[in-house]
There are 2 protein chains.
Amino acid sequence: MTDHSDKPNDANCDHRVECSVFQRGSELLGKRWTGVIIYMLLQKSYRFSELLGAINGISDRLLTERLRELEENGLVERRVIAESPVRVEYALTEAGRDAHDIISATYRWANRWFHLVSERE
Amino acid sequence: MTDHSDKPNDANCDHRVECSVFQRGSELLGKRWTGVIIYMLLQKSYRFSELLGAINGISDRLLTERLRELEENGLVERRVIAESPVRVEYALTEAGRDAHDIISATYRWANRWFHLVSERE
């Protein structure tokens with residue numbers, strides 16, 4: 001596995017593969033609600049209805065759509081547990097769990113810089 | 001300054017201020033082109049036309065819009081340099097530079113998980 005840690009300071013983010021990949025990842029994580037969904041799933045797996053109840057303001061339709069996108073991009077897996085009745089849970093894959101550092105860094109950064117503004121609003 | 005480093009594992013990202021702030025930051029950084037613009041500005045300040053030329057595929061209108069959003073959110077500043085003719089440059093503020101860890105982590109993460117997929121596509 002290549003270490004790309006120095007790239008943001010020395011690379012030209014033009015039409016190279018590394019950069020289109022960065023852009024894809026960045027836009028996927030930044031979609032409305034996606035960060036919050038991953039944030040929740042970093043704690044534990046959830047049933048759809050639990051997740052819907054735990055995230056304030058998300059609609060049924062949008063949660064469905066976001067979970068599907070995350071599944072398609074390999075960040076979330078849908079686990080069917082053979083109980084009676086069958087239980088379905090959503091959990092992060094290895095790639096999803098690996099986004100932990102990004103979510104943590106974003107959480108800290110946003111709370112450093114936007115905290116007072118949001119309290120005023 | 002409070003350290004929120006452990007929050008993504010022990011907090012319920014519900015309707016609390018910390019979480020709405022996280023969501024705001026996450027969605028701001030994840031907007032189309034925004035990550036790439038910050039990525040470029042982490043290297044140096046740019047004139048509008050230079051930035052437009054350096055980012056493959058962005059339109060004049062979208063670059064204007066994104067830079068304005070980043071200015072309004074305090075991540076980018078527009079510097080007017082008193083030369084003849086006057087030179088205008090865009091540079092990251094302290095808050096913008098502080099997003100370095102997020103951009104780096106996203107870059108590494110995306111290249112770990114999406115690299116092969118994108119080469120196939």
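**View 1. The strand pair of chain A in the predicted model.** Strand E1 (residues 76–81) and strand E2 (residues 87–92) of chain A run antiparallel and are joined by six bridges. Two strands are said to pair if DSSP finds at least two bridges between them. Strands (E, at least two residues) and helices (H or I, at least four) are DSSP runs, numbered from the N terminus. E1(A) and E2(A) make a hairpin, with five residues between them.

Residues are numbered from 1 along each chain as its sequence is written, while chains are lettered from A and ligands numbered from 1 in the order in which they are written. Because this is a predicted model, local features need pLDDT of at least 70 and side-chain atom pairs count only at pLDDT 80 or more, whereas totals for chains, interfaces and linings use all residues.

**View 2. The strand pair of chain B.** In chain B, six bridges link strand E1 (residues 76–81) to strand E2 (residues 87–92), and the two run antiparallel. Five residues lie between E1(B) and E2(B), which form a hairpin. B:Ile81 has B:Arg87 as its bridge partner in E2(B).

**View 3. Chain A as a whole.** Chain A has eight helices and two strands. Along the sequence the pattern is α-α-α-α-α-β-β-α-α-α. Of its 121 residues, 36% count as buried. A residue is buried if 20 or more other C-beta atoms lie within 10 Å of its own, exposed if 12 or fewer, and partly exposed in between, with C-beta atoms placed from the backbone. Two residues are in contact if their C-beta atoms, placed from the backbone, lie within 7 Å. Among the contacts in chain A with a separation of 6 or more, 49% are between residues 24 or more positions apart.

**View 4. Helix H3 in chains A and B.** In chain A, eight of the eight residues of helix H3 (residues 34–41) are buried, so this helix is largely enclosed by the rest of the structure. The buried residues of H3(A) include A:Thr34, A:Gly35 and A:Tyr39. Helix H3 (residues 34–41) of chain B also has eight of its eight residues buried, so it too is largely enclosed by the rest of the structure. Among the buried residues of H3(B) are B:Val36, B:Ile38 and B:Met40.

**View 5. The loop residue A:Ile58.** A:Ile58 sits in the loop between helix H4 (48–54) and helix H5 (60–72) of chain A. This residue counts as partly exposed because it has 18 C-beta neighbours inside 10 Å. Apart from neighbours within four places in sequence, A:Ile58 is in contact with A:Trp33, A:Leu52 and A:Leu63. From A:Ile58 to A:Cys19 is 39 residues in sequence and 31 Å in space, C-alpha to C-alpha.

**View 6. The nonpolar core around A:Ile102 and B:Ile102.** A nonpolar core is a set of buried Ala, Val, Leu, Ile, Met, Phe, Trp, Tyr and Cys residues joined through C-beta atoms within 7 Å. The largest one has 56 residues, of which A:Ile102 and B:Ile102 touch the most other members. Not counting residues up to four places away in sequence, A:Ile102 touches A:Leu29, B:Ile102, B:Ala105, B:Thr106 and B:Trp109.
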